[in-house]
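Hello,

Here is the structure I promised to pass on to you. Please open it first, then read my notes below.

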Amino acid sequence: MLAHDTDEVAGQVAAELRTRGTEVARLNPSAFPSRLTMGARLRDSGTWGGLISGEDGPEVELAGIRAVWQRRASPFVMDERMSSPERAFAYGEARRGFGGVLTSLACCLWVNDPVAAARAAYKPLQLAQAAEVGLAVPATLITSEPRTAYNWAKELRRPIVYKPMNGVAHADEGQVRVVFTAPVADLESLLDPAFGLTAQMLQERVPKAFEARVTVVGSEMFAVRIDAGSTAAQEDWRSDYDALSYSIIELPPDLRAKLLKLMARLGLVYGAFDLIHDTSGRWVFLEVNQGGEFGWIADETGLPIYSAIADLLEKAHDEH
């Protein structure tokens with residue numbers, strides 16, 4: 001397991017696997033190379049052998065790894081005695097060396113495969129693939145041109161929202177700023193020259209009956225209805241968790257099939273889907289987060305998602 005030291009969700013899954021008799025090694029990638037070392041040798045067979053060793057943990061044989069669960073990305077910490085350019089170079093080498101060896105492990109299930117996960121992180125790709133498998137998606141524009149944005153919004157003649165494409169939390173000169181989905185009430189604001197400083201994603205504001213978080217683990221699917229009790233949560237439920245209520249629901253078979261088809265298209269074995277059930281009864285795809293959190297949903301509803309993750313990892317272990 002590649003996870004932060006304080007990751008309680010990873011800890012709970014690890015504990016369950018150990019009770020089943022499955023060997024688990026938990027590593028924090030940010031400990032490399034100061035507290036975590038790797039010695040990898042390429043064999044004639046084209047596979048990597050060697051050890052990962054940590055100050056506080058057991059040695060892990062690369063050849064013995066059968067499944068890797070990658071939680072939140074954890075940056076490496078480079079030695080402060082190096083200059084800034086040296087740290088940047090060393091960071092790149094660590095990423096391509098430590099990460100590259102792990103990525104190339106043979107006979108290993110990744111949750112999720114790093115290459116597939118990186119590709120799936122592109123929201124425009126997700127939306128296009130979702131539409132191709134038959135899922136309803138919001139009318140969407142991605143542009144850096146103020147006039148194009150303004151004209152599109154005027155022609156749409158429906159309320160629109162701005163939505164960040166790279167997650168909600170962003171570092172800003174020592175602070176963490178959070179950018180949620182936000183309504184665009186004044187279309188004239190789209191003509192601000194600052195709009196053209198980067199790519200921007202605008203979508204129609206889908207009228208919501210309720211939203212749903214659907215956690216897919218392998219072929220298992222856990223669907224939860226989310227009802228928002230505040231104005232902020234109605235725009236983006238992540239902005240006000242205290243105002244949310246949850247209930248377990250069953251999805252229509254055709255919708256389940258399309259979600260699984262999209263997972264296969266994206267090469268994912270784990271995904272957290274965000275959907276809208278609109279006021280006309282239509283299900284609308286918003287996004288699938290390949291590393292989306294599930295712990296709070298499992299805790300709130302009692303759904304056995306921890307066990308499903310353990311089952312997936314254990315099955316890969318047993319099959320190899």
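**The second largest cavity**

By class, five nonpolar, five polar and two charged residues line the second largest cavity. Keep in mind that this is a predicted model. The space inside this cavity is about 100 Å³. Its lining consists of Trp69, Gln70, Arg71, Arg72, Val111, Asn112, Tyr270, Gln290, Gly291, Gly292, Phe294 and Ile309.

**The other cavities**

How many cavities of 30 Å³ or more are there? The count is three. The largest cavity holds about 250 Å³ of space. It is lined by 19 residues, and Thr181, Lys208, Glu211, Glu235 and Leu286 are the closest to its centre. Which elements each supply at least two residues of this lining? They are strand S11 (200–204), strand S12 (208–217), helix H6 (231–235), strand S15 (270–278) and strand S16 (283–289). Sorted by class, the lining of the largest cavity has ten charged, six nonpolar and three polar residues.

Now for the open spaces. The largest pocket has a volume of about 1,800 Å³. Its lining has 48 residues, with Arg71, Arg72, Ala73, Asn289 and Gln290 the closest to the centre. Helix H2 (84–103) gives the largest share of the pocket lining, eight residues. Helix H3 (114–120), helix H4 (123–132), strand S8 (169–172) and S16 each supply at least two residues as well. The classes in the lining of the largest pocket are 24 nonpolar, 13 polar and eleven charged.

The second largest pocket has a volume of about 510 Å³. Of its 23 lining residues, Glu23, Val24, Ala25, Ile65 and Ala67 are the closest to its centre. Strand S3 (60–61), strand S4 (67–69) and helix H9 (305–319) each supply at least two residues of this lining. By class, 15 are nonpolar, three polar and five charged.

**Two residues to look at**

Start with Ser45. It sits in the loop between strand S1 (36–42) and strand S2 (48–54). Is Ser45 buried or exposed? Its relative accessibility is 59%, so Ser45 counts as exposed, since the cut-off for exposed is over 50%. The side chain of Ser45 makes a polar contact with the side chain of Thr47, at 2.9 Å. Ala106 is 61 residues from Ser45 along the chain, and their C-alpha atoms are separated by 10 Å.

Next, find His277 in strand S15. Its relative accessibility is 17%, so His277 counts as buried, since buried means under 20%. A polar atom of the His277 side chain lies 3.4 Å from the backbone oxygen of Gly281. Leaving out residues up to four places away in sequence, His277 touches Lys208, Ala209, Phe210, Arg282 and Trp283. Lys208 is also one of the residues closest to the centre of the largest cavity.

**The whole protein**

Finally, zoom out. The protein has nine helices and 16 strands. Its radius of gyration is 22 Å, close to the 20 Å that the globule rule gives for 320 residues, so the protein is as compact as a globular protein of that length. Along the principal axes, the C-alpha atoms fill a box of roughly 60 × 50 × 40 Å. Buried residues make up 42% of the 320 residues. Among contacts with a separation of 6 or more, 61% join residues 24 or more positions apart.

Best wishes

Technical notes:
Residues numbered from 1 in each chain as written. Predicted model: local features only at pLDDT ≥ 70, side-chain atom pairs only at ≥ 80, totals over all residues. Heavy atoms only, no water. 1 Å grid on protein atoms, 1.4 Å probe; cavity = no way out; pocket = protein on both sides within 12 Å on 5 of 7 lines; lining within 4 Å. Points joined across faces, edges and corners; volume = space filled by probe spheres on them. Helix = DSSP H or I, 4+ residues; strand = E, 2+ residues; numbered from the N terminus. Nonpolar A, V, L, I, M, F, W, Y, C, P; charged D, E, K, R; others polar. Buried < 20%, exposed > 50% of the residue type's maximum accessible area, 1.4 Å probe, protein only. Polar contact = N/O pair within 3.5 Å; in protein donor to acceptor, adjacent residues only side chain to side chain. Contact = heavy atoms within 4.5 Å. Rg over C-alpha atoms; globule rule 2.2 N^0.38 Å.
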